[in-house]
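This briefing is meant for someone meeting the structure for the first time. Please look over the sequence and the model before reading the points below.

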Amino acid sequence: ILIVAAFVYFSYLPNFKQIDTLRNKLAKIEKQLEVAKKNARELNAFRKKMQEAEEQFKIVMRALPEKEEIPTLLTGISKAGRDSGLEFILFKPTPEIEKDFYAEIPVAMQVIGDYHGVATFFESVADLNRNVNIRDIDMKPDKESSKLLASCSAVTYKFIEASDKEKSGKERKRNRKKYR
């Protein structure tokens, strides 16, 4: 009995422990396989969602111009005013205001024209293919003529990439050090 017990203890028990360890590993691998199969089944749905997100991003990017598109946009605003029969007294781009992922670029404007021309101008600006908001509208009759003097600020937006934001932050730090 002692010989049989020693044989079983030294021969079979280690194998049973190894079998249990391998069964646990097999169960973990089967769970991972199920997760992988589930992800593979949902891969096309994820790809479709990603494609939709990219299309929405492209639409937003068209609405938020980059630096090189800003002069063209400002020219478009100016042209819309001239086409509406307005005379520009002031058209002054002011420094941009950085937000999270975009920057606001305000343009102070004063125009003279009739009410219909001012309304047509605002409508033309609204129809531009970029986001432009007209803020702080102040209209009053012009003292020298029978026309309307309108003051407002047109605010357009541009996209700021993360690398641009980091560069501008580093440049500000360098400029601070220069002037200290």
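Which residues is Ser 84 in contact with, leaving aside its neighbours within four places in sequence? In this predicted model, those residues are Gly 117, Thr 120, Phe 121 and Ser 124.

**Ser 84**
- Ser 84 sits in the loop that runs between helix 2 (70–83) and strand 1 (87–93), and it counts as buried because its relative accessibility is 13%, where buried means under 20%.
- A polar atom of the Ser 84 side chain lies 3.2 Å from the backbone nitrogen of Phe 121, and Phe 121 is also one of the residues in contact with Ser 84.

**The largest nonpolar core**
- The largest nonpolar core has 17 residues, and those touching the most other members are Ile 77, Met 109, Val 118, Phe 121 and Val 132.
- Helix 2, strand 3 (102–113), helix 3 (115–126) and strand 5 each supply at least two residues of this core.
- Ile 77, leaving aside its neighbours within four places in sequence, is in contact with Phe 88, Phe 91, Met 109, Phe 121, Val 125, Leu 128, Val 132 and Ala 154.
- As a general background, nonpolar side chains tend to be buried together in soluble globular proteins.

**Phe 159**
- Phe 159 belongs to strand 5 (residues 148–159), and with a relative accessibility of 19% it counts as buried.
- Although Phe 159 and Tyr 102 are 57 residues apart along the chain, their C-alpha atoms are separated by 4.4 Å.

Methods. Residues numbered from 1 in each chain as written. Predicted model: local features only at pLDDT ≥ 70, side-chain atom pairs only at ≥ 80, totals over all residues. Heavy atoms only, no water. Helix = DSSP H or I, 4+ residues; strand = E, 2+ residues; numbered from the N terminus. Buried < 20%, exposed > 50% of the residue type's maximum accessible area, 1.4 Å probe, protein only. Polar contact = N/O pair within 3.5 Å; in protein donor to acceptor, adjacent residues only side chain to side chain. Contact = heavy atoms within 4.5 Å. Core = buried A, V, L, I, M, F, W, Y, C linked by side-chain atoms within 4.5 Å.
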